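Q: I'm new to this one. Can you walk me through it, a piece at a time?

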Amino acid sequence: MAAPQFGAPVIAPAADLPDWALRSVNLADPRLGAQAIFASDEFFAPLSRMLDPAPAVFIPGKYDDHGKWMDGWETRRKRTTGHDWSIIKLGRKGAISGFDVDTSHFTGNYAPAIAIEGTDATSDDPAVLEHAAWTPLLEAISLQGNSHHLLKAIGSGAFSHLRIHIYPDGGVARLRVYGQPVGSFDDPGATYDLAALENGGRVVACNDAHYGSPSNILLPGRGVNMGDGWETRRRREPGNDWCIIELGAAGIIERIEVDTAHFRGNYPDRCSVQAARVEGGTDQSVITQAMFWPLLMNEQKLEMHAIQSFTEGLAELGPVTHVRFNIIPDGGVSRLRLWGKVSP
């Protein structure tokens, strides 16, 4: 991938992500509850910006009281011994596969090196966390400016908090923490949203995401606006738009909720859901297989700006691991909930 020009948006395309990232959830997403807990210094830019789910931006000529406004976490120039560090709380406790340490737009002010540790704690108090047992997840490694660094984690276990060390100071635009939530399905008799991001659900593929990512439909809560959903371009040819979702665990789906919040003149006319239990293969092979999956829910009429719940007439397909959500012919959906029970 060619080196981006300073000031231009820098995005890690899905095609550039390793398999361990593609098959994971960003546990450091504040929309899942991730929080900035503590930073030794955030003079130029607050730690919370590093967790922003949107790509980092550069705004020429924008300054604040401390200097150039930067979209990330940035500490002042250290004039003493030691290094800067911070603590973040993950949105869900999880097993961590790796990281995207993104220094987009930080050129002469990026952190030269980084190391990351993890712990499992019930307290968010920095004084308590300081004495927690920390496990190395990323040994100190050199960074480059204005770049994505896709780094596989070391160690094992489930972690609720991370401690990030930057050596000696500087800035990090974004930190993505790829992993799988644990403890999502502790009660085998309970009903869960099997597709929710916080439960390990993920979007495998879609045919179009012109106005909004399909991953948005798996987020908690209702969408805050049209941009907080999945919206496709206006279809000018036969067919319909679709996305494929891998559930957080195999289960039997008992209720389907489709929320078209904020979509009024551009919601889909109808929707349907196909489903199957998939074992083996790749994300690419699933796209082909999905065309022939049986219908879990036949076409249903949708309404604008409404939560629509479907329980009647769902096919008895047994435990499934993947669904193909069809919107007909095109349009926008805010959230999709697939409620059911985990079943091996």
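Q: Is Trp-85 buried, exposed or partly exposed?
A: Trp-85 is partly exposed, because its relative accessible area is 24%. Buried means under 20% relative accessible area, exposed over 50%, and partly exposed in between, with a 1.4 Å probe and protein chains only.

Q: Before we go on, what kind of model is this?
A: This is a predicted model, where local features need pLDDT of at least 70, side-chain atom pairs count only at pLDDT 80 or more, and totals for chains, interfaces and linings use all residues. Residues are numbered from 1 along each chain as its sequence is written, and side-chain values use heavy atoms, with hydrogens and water left out.

Q: How many aromatic pairs does the structure hold?
A: Five. Rings of Phe, Tyr and Trp (its six-membered ring) pair if their centres lie within 6.5 Å; planes under 30 degrees apart count as stacked, over 60 as edge-to-face and the rest as tilted.

Q: Why is the pair of Phe-38 and Trp-85 called tilted?
A: Because the planes stand at 45°; the ring centres are 4.8 Å apart.

Q: Where do the two sit in the chain?
A: Phe-38 is in strand 2 (residues 35–39) and Trp-85 is in strand 6 (residues 84–102). Strands here are DSSP runs (E, at least two residues), numbered from the N terminus.

Q: What about Trp-230 and Phe-325, how are their rings placed?
A: Their centres lie 6.3 Å apart and their planes are at 55°, so that pair is tilted. Trp-230 belongs to strand 15 (residues 230–231) and Phe-325 to strand 20, 95 residues apart. Trp-230 is buried at 0% relative accessible area. Phe-325 is buried too, at 0% relative accessibility.

Q: Which residues touch the most other members of the largest nonpolar core?
A: Ile-217, Ile-245, Ile-253, Ile-256, Val-258 and Phe-325, out of 33 residues in that core. A nonpolar core is a set of buried Ala, Val, Leu, Ile, Met, Phe, Trp, Tyr and Cys residues joined through side-chain atoms within 4.5 Å.

Q: Which elements give two or more residues to it?
A: Strand 16 (241–259), strand 17 (270–276), strand 18 (295–301), strand 20 (320–328) and strand 22 (335–342). Strand 16 gives the largest share, six residues.

Q: How many residues of strand 16 are buried?
A: 14 of its 19, so strand 16 is mostly covered.

Q: Which way do strand 16 and strand 22 run, and how many bridges join them?
A: They run antiparallel, with eight bridges. Two strands pair if DSSP finds at least two bridges between them. Asp-259 stands opposite Arg-335 in strand 22.

Q: What about strand 20?
A: Seven bridges join strand 16 to strand 20, again antiparallel. There, Ile-245 stands opposite Val-323.

Q: And strand 14?
A: Strand 14 (residues 202–206) pairs with strand 16 in the antiparallel sense, over four bridges. Arg-202 stands opposite Glu-246 in strand 16.

Q: Switching to loops. Where is His-262?
A: In the loop between strand 16 and strand 17. His-262 is partly exposed, at 24% relative accessibility. Its side chain reaches the backbone oxygen of Val-224 at 3.4 Å.

Q: And where is Asp-208?
A: In the loop between strand 14 and strand 15. Asp-208 counts as buried, at 14% relative accessibility.

Q: What does the side chain of Asp-208 reach?
A: The backbone nitrogen of Arg-233, at 3.0 Å. A polar contact is a pair of N or O atoms within 3.5 Å; within protein, one must be able to donate a hydrogen and the other to accept it, and residues adjacent in sequence count only if both atoms are side-chain atoms.
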